[in-house]
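Here is a short briefing to read alongside the sequence and the model. Please keep both in view as you go through the points.

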Amino acid sequence: MSRSSSGFVAGLTALAVATVGFLAYQASANVPDQLSGPKKPGASASASATPKEKKKDAHAVPAKSGAGQRVVYALDAKRVWLVGKSAAEKPRSFEVMPSTVSPPAGTYQVTSRSGKITGSDGVDIEHVVRFANVDQVAIGFSSAVDGTMASPDPNLKTGGVRMTPEGGDAMWTFATVGSTVVVVP
């Protein structure tokens, strides 16, 4: 090896060592207080004595709603999440208008789909994705052709969980026959 090439290798080695050192410093500078080891004498403990409360993301996928690709329907939150295969994918979420008949919490499969039909309440609907039956009422997601999400007539037994046309388009693309639907309280 010539002197100039060994100098080049030494320079690259020094650059690599400096880069690793810099990255190690950056990592240690960003360690949360509770993981950084014992406190220095005289340091104020009052700031870290109470654990910081994490703000709950109202649009976060509900805990205990399963894993993997699935539709999550939260009854109380009146919200649906379309959760992809990868944890790196941000789930799509939107509000829905529940029907008068709701399925019990549990795991279901999409059993059938219809492009455009008239709902049991007489409303023209599209992108119907059915996943359950309760007391002889088919339960499924759909969007009204006119884009409305009106509350259902409480005197009718309906199973249509209504969403906006954009939500209906997303659901139609995402939830094919056999897809998992997880219903949580």
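**The helix α3 and its packing**

The buried residues of α3 pack against β1, β2, β3 (92-95), β6, β7 and β8. Buried means under 20% relative accessible area, exposed over 50%, and partly exposed in between, with a 1.4 Å probe and protein chains only. Helices (H or I, at least four residues) and strands (E, at least two) are DSSP runs, numbered from the N terminus.

This is a predicted model, where local features need pLDDT of at least 70, side-chain atom pairs count only at pLDDT 80 or more, and totals for chains, interfaces and linings use all residues. Residues are numbered from 1 along each chain as its sequence is written, and side-chain values use heavy atoms, with hydrogens and water left out.

**Confidence**

- The protein has a mean pLDDT of 80, and 69% of its residues reach 70 or more; pLDDT is the predictor's confidence in each residue, from 0 to 100.

**A closer look at α3**

- Gly167, Gly168, Ala170, Met171 and Phe174 are the buried residues in α3.
- Viewed down the axis of α3, these buried residues fall within an arc of 165 degrees, so they line one face of the helix; the arc is that of the directions from the helix axis to the C-beta atoms.
- Glu166 and Thr173 are exposed, on the face of α3 turned away from its buried side.
- α3 lies across β5, β6, β7 and β8, and runs at about 60 degrees to β6. Axes here are lines fitted to C-alpha atoms, for helices over the stretch in contact, and angles run from 0 to 180 degrees between N-to-C directions.

**The four-stranded sheet**

- The strands form an open sheet in the order β5-β6-β7-β8, with mixed pairing; two strands pair if DSSP finds at least two bridges between them.
- β5 (112-118) and β8 are the edge strands, each with a single partner, so one side of each has no neighbour in the sheet.
- On average, neighbouring strands of this sheet are turned by 30 degrees against each other, direction ignored.
- β5 and β6 are antiparallel over six bridges, and Ile117 has Ile125 in β6 as its bridge partner. Their hairpin has five residues between the strands, and Gly122 in the turn has a positive phi of about 85 degrees.
- β6 and β7 are antiparallel over seven bridges, with Val134 opposite Val137 in β7. Two residues lie between the strands of this hairpin, where Asp135 takes a positive phi near 50 degrees.
- β7 and β8 are parallel over four bridges, and Gly140 has Gly160 in β8 as its bridge partner.
- β6 is mostly covered, with nine of its 11 residues buried.

**Nonpolar cores**

- The largest nonpolar core has 24 residues, and Val71, Val80, Phe131, Phe141 and Met171 have the most contacts inside it. Such a core is a set of buried Ala, Val, Leu, Ile, Met, Phe, Trp, Tyr and Cys residues joined through side-chain atoms within 4.5 Å.
- Two or more residues of this core come from each of β1 (70-74), β2 (79-83), β6 (124-134), β7 (137-144), β8 (160-163), α3 (165-174) and β9 (180-184). β6 gives the largest share, four residues.
- A second, separate core of six residues includes Val72, Ala74, Trp81 and Val184.
- Leaving aside neighbours within four places in sequence, the contacts of Val80 include Val71, Phe94, Phe141 and Met171.

Notes. Contact = heavy atoms within 4.5 Å.
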